[in-house]
Amino acid sequence: MRPPFIVKHTKRNIVLAALLALLCIGAAELAACRYFEPELYEAIVSPVRYAAGVAVDTGRAGLNAAAQFCRDTADAAGQLLQDAADGLSRFAEETAERWAELTAPKDHLEKYRPPSQEDPAVPTPSPITELRREGDRELLTGGSVDIVYYCQSAPQWADQPYGTDTIGPYGCGPTVMAMAVASLTDETADPVSMAAWAVSNGHWARKGGSRHSIIQGAAAGFGIEAQPFPSREAADVRDALRQGKLLVALVGPGHFTNGGHFILLRGVTAFGDVLVADPNSPERSLMLWDPQIILNELSSARDNGAPLWVLSPPGT
């Protein structure tokens, strides 16, 4: 008796031989048909030929589509990389420019800064006001009135006495009132004469600058009406300045000082910005200011009319 695997292989060989015989017979009959029955031959092979052509065309189209997809993907990736490189280049240039601005020397601010103060960022200069020389005086223009301007830290005033102190670090009070008196009256006043007057009349505070009483005291002493200004509304500040009045503001830490500081509000523009006369900074005196910034930085002091007074010229 034959083993099972031999029987199995024998059967498979018989089947393959039979299929091969059928294939040969079919091929022979198809070849004979081509010569003896061309029409029948064409009818048999045409569908096969068509199907094969369709398969070839479909394969070719698929390969072409795949190739185009690869090209498009490569182009898109290249464009993305180029855009990213351009963006990084612009970012680097902008960062370098900004760093140069931040690290640039600020000598124009240091010139008028007292040793104990820092000068924070301020708005841009305004073309509607200027500091011009007229004879032996400097005038700030563009406000309700032209202001005779004095800078307490300028060389001619900084080391002059204010009691046992000096005007440079401590004299904003007499300097503001010297500007007000020289601008609103016919009196001659400067930081030195006003500092001496303040000491004689009890408004000097040793190592503390000026008592808040200096505003109404100096105004009364030189014929100017000075009243506390109770409103904290920007619209009311603008209205007072439009009427030709000046305001003295006692401000705390912020844009103008790290401690306490008197400044003069001297006018308002058509767009509602305020002009100031800062006795310690010509630069800030040439800026336009949102009045709300000043109101927000007013001192918390409430004695002697502080922190805001309105000054009216004599006879108004």
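## Basis of the report

The model is predicted: local features need pLDDT of at least 70, side-chain atom pairs count only at pLDDT 80 or more, and totals for chains, interfaces and linings use all residues. Residues are numbered from 1 along each chain as its sequence is written, and side-chain values use heavy atoms, with hydrogens and water left out.

## Helix H9

Helices (H or I, at least four residues) and strands (E, at least two) are DSSP runs numbered from the N terminus. Helix H9 spans residues 234-242, and its buried residues are Ala234, Val237, Ala240 and Leu241. These buried residues line one face of the helix, because they fall within an arc of 125° when seen down the axis of H9; the arc is that of the directions from the helix axis to the C-beta atoms. Buried means under 20% relative accessible area, exposed over 50%, and partly exposed in between (1.4 Å probe, protein chains only).

The cover over the buried residues of H9 includes strands S9 (246-251), S10 (261-268) and S11 (274-277), together with helix H11 (291-296). Contact here means heavy atoms within 4.5 Å.

## Loops and backbone geometry

Most residues other than glycine have a negative phi, and most peptide bonds are trans. Lys207, in the loop between strand S6 (204-205) and strand S7 (209-210), has a positive phi near 60°. Its relative accessibility is 52%, so Lys207 counts as exposed.

The loop between H11 and strand S13 (308-312) holds Pro307, and the peptide bond from Ala306 to Pro307 is cis, with omega near 10°. Asn304 is placed in the loop between H11 and S13; this residue is not a glycine, yet its phi is positive, about 55°. Asn304 is partly exposed at 39% relative accessibility.

Cys151 occupies the loop between strand S3 (147-148) and helix H4 (155-158). Cys151 is buried, at 5% relative accessible area. Its C-alpha atom is separated by 9.3 Å from that of Ala277, 126 residues apart along the chain.

## Salt bridges

A salt bridge is a side-chain nitrogen of Lys or Arg within 4 Å of a carboxyl oxygen of Asp or Glu, and the count comes to eight by this rule. One of them joins Asp146 and Arg132 at 4.0 Å, N to O. Because Asp146 lies in the loop between S2 and S3 and Arg132 in strand S1, the pair ties together parts that are 14 residues apart in sequence. Asp146 is partly exposed at 36%, as is Arg132 at 32%.

Glu138 pairs with Arg133, the closest N and O atoms being 3.9 Å apart. Glu138 is partly exposed, at 29% relative accessible area, whereas Arg133 is exposed, at 55%. Asp278 and Arg284 form a salt bridge with the closest N and O atoms 2.7 Å apart, and both residues are buried. Salt bridges that share partners also join Glu130, Arg132, Glu134, Arg137 and Asp146 into one network.
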